[in-house]
Amino acid sequence: MDFRALPERLAHVRAEIVRRQASGGWNHPITLVAVTKGFGLDAVAAALAAGLTDLGENRVQEAIEKIDASVGRGAVWHMIGHLQRNKARHVPGRFAVVHSVDSEPLAAALARRAAEQDVAMRVLLQVNVAGEKQKSGCEPAEAPALARALAGHPHLKLEGLMTVAPLTEDGAVQRRTFRALRVLRDALQGEGLWLPALSMGMSADYGLAVEEGATMLRLGTVLFGSRTA
């Protein structure tokens with residue numbers, strides 16, 4: 001595919017982030033996770049050439065092919081999709097951050113594999129704020145106990161929360177979702193957990209996420225264009 005428009009798209013996204021942060025009253029750094037799902041190694045190369053070093057994937061098998069390629073070794077890889085326990089063995093040593101930890105059994109599997117390599121995995125707790133049955137993530141009511149459980153694993157480093165907003169054109173619904181995640185994060189920090197990261201916002205709704213305090217954005221089509229897969 002032709003990714004010559006990527007630098008221009010990226011400049012637009014960064015300008016929009018500045019504008020939206022000013023609107024929301026924020027000034028913290030935001031990590032752009034360029035989602036290469038559905039794109040080939042040429043997208044990885046284009047992202048790195050544009051200065052995007054944090055790359056995200058939804059599926060383990062597709063990610064491994066990119067991570068293990070020579071061009072993929074220059075990136076910091078994020079696992080942003082649903083992760084099955086039997087795939088946990090592939091994560092330590094390949095992914096720097098897992099955004100989608102949503103249960104104690106998955107956390108235990110990741111911790112066990114991380115212990116085998118004597119590394120500490122950076123993880124985020126995925127919360128299904130909107131309560132959508134088709135979405136992964138723990139229920140908000142379960143989040144405090146699960147967050148404490150994750151924080152108790154010596155080979156996991158819990159850094160924050162992640163959510164996916166409903167697929168809707170109703171900005172008020174999206175905003176409520178993002179705001180609820182931030183309020184939950186703030187409450188957990190009030191209980192003594194250090195949770196600086198809020199992974200929320202994708203191509204269609206990242207502006208609202210920024211206004212509500214996002215620290216990580218997961219962006220695919222707004223950077224690379226439409227997917228072929």
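**Ground rules.** I number residues from 1 along each chain as its sequence is written, and side-chain values use heavy atoms, with hydrogens and water left out. As this is a predicted model, local features need pLDDT of at least 70 and side-chain atom pairs pLDDT 80 or more, while totals for chains, interfaces and linings use all residues.

**Aromatics.** I searched the whole structure and got three aromatic pairs (rings of Phe, Tyr and Trp, the last by its six-membered ring, with centres within 6.5 Å; planes under 30 degrees apart are stacked, over 60 edge-to-face, the rest tilted). Phe3 and Phe39 have ring centres 5.8 Å apart and planes at 80 degrees, so I logged them as edge-to-face. Phe3 sits in the segment before helix H1 (6-24) and Phe39 in the loop between strand S1 (31-35) and helix H2 (41-49), so the pair ties together parts 36 residues apart in sequence (helices, H or I, of at least four residues and strands, E, of at least two are DSSP runs, numbered from the N terminus).

Next I checked Phe39 against Phe224: centres 5.2 Å apart, planes at 50 degrees, so tilted. Phe224 is in helix H8 (residues 221-224), so this pair ties together parts 185 residues apart in sequence. Phe3, Phe39 and Phe224 form one aromatic cluster.

**Burial.** Phe3 is buried at 10% relative accessibility (under 20% is buried, over 50% exposed, partly exposed in between; 1.4 Å probe, protein chains only). Phe39 is buried at 4%, and Phe224 is buried at 4%.
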